[in-house]
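Trainee: Please take me through the aromatic side chains of this model in one close look, with the cut-offs behind each term.

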Amino acid sequence: MLLSVFLSIALIHLMAAMSPGPTFVLCLRTAASEGFPTAAMLSIGYGIGAMLWAAGAMAGLAVLFELVPALFVGLKILGGLFLLYVAYMMWKHAKSPMPQLGEVAPRSKMAAMRMGFLAFATNPKPAIFFGAVFVGLLPTDASLLSRVLLVLVIGLNETLWYLTVARVFSLPKPRAIYARLKTWTDRVFGAMIAAFGAKIALT
């Protein structure tokens with residue numbers, strides 16, 4: 001694969017990763033409420049999920065969805081329900097005061113990474129990108145080494161972007177702003193995630 005093609009695919013994926021969505025909202029909220037280490041593990045979970053989708057696309061996942069549409073429908077429903085659950089928990093605890101960092105133990109590293117992976121793996125948005133855009137850009141004669149490197153770069157793209165988001169919103173000033181507006185911010189974020197979930201499940 002030509003280096004220019006490789007870099008183009010990586011750049012297009014990075015721009016797609018940076019587009020706002022439920023994973024962005026979840027990362028922002030986790031960083032502000034549980035701190036950078038927890039949000040960092042969430043980000044790693046996102047990266048693993050991205051690599052899974054990229055590898056699946058290379059293995060012909062999009063063709064499988066076309067042959068068995070029920071699989072894609074099931075994924076959409078599962079992803080939508082998962083996001084609705086996340087939204088419900090955010091709304092439910094919106095009025096709870098945000099603890100000071102270190103005051104309450106955040107979720108474990110594995111739990112945060114698992115949450116990130118599930119949030120990404122059950123989101124059909126990456127399925128659409130990797131099943132359509134990504135596969136269309138990938139040369140059919142790309143070597144195995146190129147494909148492996150591309151999967152790794154995609155995981156790195158996703159992880160580094162959300163690590164940046166996590167770092168920014170774990171800093172004192174952004175965190176203080178979030179704390180002052182927590183009740184309404186959580187409700188707005190919860191409503192946004194619920195809307196994403198409903199749209200995913202019903203469209």
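**Aromatic contacts**

Mentor: Arg 187 lies over the face of Trp 91, at 5.3 Å from the ring centre, where a charge sits over a ring if NZ of Lys or CZ of Arg is within 6 Å of the ring centre and within 35 degrees of the ring normal. Arg 187 also lies over the face of Trp 184, at 5.3 Å from that ring centre. This is a predicted model, in which local features need pLDDT of at least 70 and side-chain atom pairs count only at pLDDT 80 or more, while totals for chains, interfaces and linings use all residues. Residues are numbered from 1 along each chain as its sequence is written, and side-chain values use heavy atoms, with hydrogens and water left out.

Turning to ring against ring, three aromatic pairs are counted (rings of Phe, Tyr and Trp, the last by its six-membered ring, with centres within 6.5 Å; planes under 30 degrees apart are stacked, over 60 edge-to-face, the rest tilted). One of them joins Tyr 46 and Phe 120 in a tilted arrangement, 6.2 Å centre to centre with 45° between the planes. That pair links distant parts of the chain, since Tyr 46 belongs to helix H3 (residues 36–58) and Phe 120 to helix H6 (residues 109–121), 74 residues apart (helices being DSSP runs of H or I, at least four residues, numbered from the N terminus). Tyr 46 is buried, with a relative accessible area of 0% (buried is under 20%), and Phe 120, at 5%, counts as buried too. Tyr 46 also pairs edge-to-face with Tyr 162, at 4.7 Å centre to centre and 70° between the planes. Because Tyr 162 lies in helix H8 (residues 144–168) and Tyr 46 in helix H3, this pair ties together parts that are 116 residues apart in sequence; Tyr 162, like Tyr 46, is buried.

Conventions:
Helix = DSSP H or I, 4+ residues; strand = E, 2+ residues; numbered from the N terminus. Buried < 20%, exposed > 50% of the residue type's maximum accessible area, 1.4 Å probe, protein only.
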